[in-house]
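Please open the model in the viewer and follow the selections below in order.

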Amino acid sequence: HRYGKRVLISSEKIDLKKTVKENFLELVDYDPFKKILLLMGKQETCIESPLHWYIHHAREDVNAVLLIKDKKYVKSEIKKIPIIDNKYPIWAIEQIKEVLGALRNSKIVIIKDVGVLFIGNSLKDVEKQFSKYMEKEK
């Protein structure tokens with residue numbers, strides 16, 4: 001979730017049923033050339049942090065990003081949702097460019113062998129995207 005130029009992200013291992021403030025990190029800045037993240041918080045960051053940083057900085061309309069890293073949620077049969085091949089590491093600029101390109105026309109992107117990415121103006125918007133996505137299974 002964005003506030004100002006900074007982004008709040010969850011730590012690597014988080015139990016959404018027992019979420020506490022210590023589970024979140026403040027992503028202050030990222031240097032893509034040196035691959036250095038400036039973070040504030042007590043937990044380890046997730047490997048997707050650069051992807052989150054790029055999405056928030058490339059899209060002023062996006063204030064919330066949800067990446068569900070569980071292959072059971074990947075529904076490649078839904079034709080309107082872009083599918084990105086996982087050719088590069090999720091944090092690599094090449095992979096990030098592909099994801100950003102797909103997000104131009106969709107708020108949901110499937111990343112093969114990784115999971116499903118949802119973006120929105122708010123957490124409520126992302127929740128609606130997720131609900132619609134799950135309904136398409138029925």
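Select Trp-53, which counts as buried at 12% relative accessibility (buried is under 20% relative accessible area, exposed over 50%, partly exposed in between, with a 1.4 Å probe and protein chains only). The model is predicted: local features need pLDDT of at least 70, side-chain atom pairs count only at pLDDT 80 or more, and totals for chains, interfaces and linings use all residues. Residues are numbered from 1 along each chain as its sequence is written, and side-chain values use heavy atoms, with hydrogens and water left out.

Tyr-30 and Trp-53 form an edge-to-face aromatic pair, 5.6 Å centre to centre with 65 degrees between the planes; ring centres must lie within 6.5 Å, and planes under 30 degrees apart count as stacked, over 60 as edge-to-face and the rest as tilted, with the six-membered ring used for Trp. Tyr-30 belongs to strand β3 and Trp-53 to helix α1, so the pair ties together parts 23 residues apart in sequence. Helices (H or I, at least four residues) and strands (E, at least two) are DSSP runs, numbered from the N terminus.

Next, select Lys-35, in the loop between β3 (24-31) and β4 (36-40). Lys-35 counts as exposed, at 54% relative accessibility. Beyond its neighbours within four places in sequence, Lys-35 contacts Tyr-30 and Trp-91, contact being heavy atoms within 4.5 Å. The C-alpha atoms of Lys-35 and Trp-91 are 9.2 Å apart, across 56 residues of sequence.
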